[in-house]
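I opened this notebook to keep a record of what I looked up in one structure. The entries follow in the order in which I made them.

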Amino acid sequence: MAKRAAAADDEIIRNENDDLVQVLPKREIEIKIEIKRQQKEIVEEEDVLCKDSSSILAVTTRIEEEQVEENHPYAFHVSGPRNLTSPNWRDLISSSWKDMNYKRTAISCFVQAVYLLELDRQDQRTGLNALAPKWWIPFKYKLAHTLIDDRDGSIFGAVLEWDRAAALADLVLIRPSGAPKSILALRGTLLKGPTLLRDIEDDLRFLAWESLKGSVRFKGALEALKSVAEKHGSSNVCVAGHSLGAGFALQVGKALAKDGIYVDTHLFNPPSISIAMSFRNIGEKAGLLWKRMKSMLPSSSESNPDVQTEQNNSMFGLKNWATSFYGEKSSSGLKKWVPHLYVNNSDYICCSYTNPDGTVENSANKENVGPTNGQVAAKLFVMSKGKQKFLEAHGIEQWWSESDNVELQLALHNSKVMARQLKSLYGSGTSQQQQTPAGKMR
């Protein structure tokens with residue numbers, strides 16, 4: 001009995017041990033599963049935290065970028081015109097574009113936009129971060145297309161058009177009187193990025209030859225201007241440029257004027273210095289010096305009246321170059337191409353335009369002053385602020401600055417540089433008018 005009882009106890013212990021052996025592995029598995037589950041939850045939480053951190057970082061970076069763009073020195077609200085009034089229903093009664101200062105401000109802002117189109121391209125700013133659109137949107141214009149130099153992919157010009165949809169949103173039912181339907185704006189030299197080489201190449205071209213017709217940009221600008229003039233009519237089109245861009249604008253406007261297509265032209269700080277011009281000036285001075293020396297020779301004492309007559313005729317030919325340009329009997333209905341030049345006396349690139357070839361008549365705040373006896377070379381707006389640094393005197397910013405309005409004057413006179421620039425217009429048809437009594441052509 002005792003042995004049987006002991007065997008039973010051993011069996012019970014053995015069974016309990018077997019059960020314990022079976023129970024322990026299950027418990028371990030459950031513990032391991034629980035640990036893995038907890039580890040998975042931790043990993044998922046970390047992933048969520050990482051994603052949240054990435055999102056927060058992205059949002060923070062975007063906000064910082066937007067703040068940087070908002071504080072960019074070329075942002076419209078930072079360096080643009082102050083107290084600007086956007087077109088509204090009041091323009092139906094009195095158009096802002098009839099105001100000389102508003103028109104100059106708007107057009108100079110369009111030229112600045114072209115500079116920023118290229119800078120946006122170089123810095124890869126797009127969409128809301130782009131700086132350029134802010135410079136035409138307040139005036140109710142939109143970008144039609146850009147002019148691209150295929151050699152380096154740079155943007156050197158842009159065609160802007162009146163944005164009717166944006167205007168209607170502000171109850172501007174029709175385009176204000178004086179506002180062009182389309183504007184071709186051309187930038188100048190950018191001392192940054194890959195476009196620098198092509199810009200300087202054209203600068204040197206003008207410096208050497210006083211012409212930009214050999215540039216591929218001249219061809220592109222001329223085709224663009226012809227296209228918009230045919231689409232909207234020349235009276236509804238404007239071309240404008242600054243510095244090198246003003247040189248292009250002058251020459252493409254002149255090219256169209258030769259074909260009888262007169263386009264409103266606005267030139268900010270146009271280049272007036274070239275080697276070719278310097279040689280011509282030297283030749284003129286040498287000729288005058290020779291005439292004076294010749295008049296002082298005893299053998300030529302009897303011919304002094306003729307020499308004086310020839311000198312007078314020479315000056316007459318320069319002073320009255322515009323008479324041959326417009327024609328002595330031009331009717332009041334005849335359209336004339338009179339470009340608007342904006343120059344600064346402290347800017348050595350464009351200051352030569354202020355050298356008169358006749359009597360100067362100053363008239364402040366008169367935009368629609370007409371030609372006087374056919375002798376107006378251009379409408380020349382002169383900025384005089386005393387001595388200035390070159391970058392300030394040559395900058396586009398001065399032409400929308402309200403503080404400079406009181407220092408800007410409109411001078412109507414014959415400019416030697418403009419005389420040379422426009423002298424070829426209708427030259428063949430006016431040869432008889434340019435003939436002097438001495439039988440020489442001037």
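Entry 1: I located N269 in the loop between β5 (264–268) and α8 (275–296). I read a phi near 50° for N269, a positive value in a residue other than glycine. N269 is buried, with a relative accessible area of 0%. I use "buried" for under 20% relative accessible area, "exposed" for over 50% and "partly exposed" for what lies in between, with a 1.4 Å probe and protein chains only.

I then turned to N83, which also is not a glycine and has a positive phi, of about 55°. N83 sits in the loop between α2 (76–79) and α3.

**Entry 2: basis of the model.** I note that this is a predicted model, in which local features need pLDDT of at least 70, side-chain atom pairs count only at pLDDT 80 or more, and totals for chains, interfaces and linings use all residues. Residues are numbered from 1 along each chain as its sequence is written, and side-chain values use heavy atoms, with hydrogens and water left out.

**Entry 3: salt bridges.** How many salt bridges does the structure hold? I found 15 salt bridges, each being a side-chain nitrogen of Lys or Arg within 4 Å of a carboxyl oxygen of Asp or Glu.

I examined K140 and D170, which form a salt bridge with their closest N and O atoms 2.3 Å apart. K140 lies in the loop between α3 (100–123) and β1 (141–149), and D170 in the loop between α4 (164–169) and β3 (182–186), so the pair ties together parts that are 30 residues apart in sequence. K140 is buried, with a relative accessible area of 9%, whereas D170 is partly exposed at 35%.

I next followed D199, whose side chain meets that of R187 in a salt bridge (2.9 Å, N to O). R187 is in the loop between β3 and α5 (196–209) and D199 in helix α5, so this pair ties together parts 12 residues apart in sequence. D199 also meets R217 in a salt bridge, at 2.6 Å from N to O. That pair links distant parts of the chain, with R217 in helix α6 (residues 216–232) and D199 in helix α5, 18 residues apart. R187 and D199 are both buried, and R217 is buried as well. I recorded these residues as members of a network of salt bridges that also includes D149, R151, R198, E201, D202 and R205.

**Entry 4: helix α7.** Does α7 lie enclosed or open? I found 14 of its 15 residues buried, so α7 is largely enclosed by the rest of the structure. I also checked its length: at 1.5 Å a residue (times one less than the number of residues), the 15 residues of α7 (residues 244–258) should span 21 Å, and the end C-alpha atoms are 22 Å apart, which agrees. G260 follows α7 and has a positive phi, near 80°.

**Entry 5: Q112.** I found Q112 in helix α3. Q112 is buried, with a relative accessible area of 5%. The C-alpha atoms of Q112 and G80 are separated by 9.5 Å, the two residues being 32 apart along the chain.

How values were computed: Helices (H or I, at least four residues) and strands (E, at least two) are DSSP runs, numbered from the N terminus.
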